[in-house]
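Please keep the sequence and the three-dimensional view at hand while reading.

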Amino acid sequence: VAPTTTTTVIDLGVDDQDRRSYRLTFTALDDADGAGVKDSSVHVSLDGGAWMAWKRRTTETSFVFTAPAGKTAQFSVVSADQAGNVKEWAWNESRSG
């Protein structure tokens, strides 16, 4: 069974160059009999556009993302366990600030 990932996104506001920043934090938990969480991958979509890999196979769980000027971002995080189980991407589960 793939780990469950819970994501929180906080909108940090816009800087003087119209770039919006977000603090993204998440937790990944494997089931009690699971192999343990190995890593997570973070994807970002700007203004509802195509999803792009931003962080791949990271063990970090907190990031600050700054979008290009005038853009807003959405995020989706999926985690893998030591046995290679990964939850299918669920783009409708994305989080924005």
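Arg-19 counts as partly exposed because its relative accessibility is 32%, a value between the 20% limit for buried and the 50% limit for exposed residues. The model is a predicted one. The points below begin with the charged pairs, then turn to the sheet and to a surface patch.

**Salt bridges**

- Side chains of opposite charge can pair when their charged atoms come close.
- The count of salt bridges comes to four.
- Arg-19 takes part in one of them, with Asp-15 as its partner and 2.8 Å between the closest N and O atoms.
- Asp-15 has a relative accessibility of 28%, so Asp-15 is also classed as partly exposed.
- Another salt bridge joins the side chains of Arg-20 and Asp-11, at 2.8 Å from N to O.
- Arg-20 is partly exposed because its relative accessibility is 24%, and Asp-11 is partly exposed because its value is 33%.
- In a further salt bridge, between Asp-47 and Lys-71, the closest N and O atoms are 3.7 Å apart.
- Asp-47 lies in the loop between strand E3 (37–46) and strand E4 (51–58), whereas Lys-71 lies in the loop between E5 and strand E6 (73–81), so this pair ties together parts that are 24 residues apart in sequence.
- Asp-47 is partly exposed at 43% relative accessibility, and Lys-71 is partly exposed with a relative accessible area of 35%.

**The three-stranded sheet**

- Strands of a sheet pair through backbone hydrogen bonds, either parallel or antiparallel.
- Three strands form an open sheet in the order E1-E2-E5, and their pairing is antiparallel.
- E1 and strand E5 (62–66) are the edge strands, each of which pairs on one side only.
- From one strand to the next, the twist averages 20 degrees.
- Five bridges link strand E2 (residues 20–29) to E5 in the antiparallel sense.
- Thr-25 has Ser-62, in E5, as its bridge partner.

**The two faces of E5**

- In a regular strand the side chains alternate between the two faces of the sheet.
- Along E5, Phe-63 and Phe-65 point to one face and are buried.

**A nonpolar surface patch**

- Ile-10, Leu-12 and Val-64 make a nonpolar surface patch of about 250 Å².
- Leu-12 belongs to strand E1 (residues 4–14).
- Leu-12 counts as partly exposed because its relative accessibility is 45%.

Definitions and conventions:
Residues are numbered from 1 along each chain as its sequence is written. This is a predicted model: local features need pLDDT of at least 70, side-chain atom pairs count only at pLDDT 80 or more; totals for chains, interfaces and linings use all residues. Side-chain values use heavy atoms; hydrogens and water are left out. Patches are made of residues with over 30% relative accessible area and no salt bridge: like charges are joined within 9 Å, nonpolar side chains (Val, Leu, Ile, Met, Phe, Trp, Tyr) within 5 Å. Accessible areas come from the Shrake-Rupley method with a 1.4 Å probe; for residues, only the protein chains shown count as cover. Helices (H or I, at least four residues) and strands (E, at least two) are DSSP runs, numbered from the N terminus. Buried means under 20% relative accessible area, exposed over 50%, partly exposed in between (1.4 Å probe, protein chains only). Two strands pair if DSSP finds at least two bridges between them. Axes are lines fitted to C-alpha atoms, for helices over the stretch in contact, and angles run from 0 to 180 degrees between N-to-C directions.
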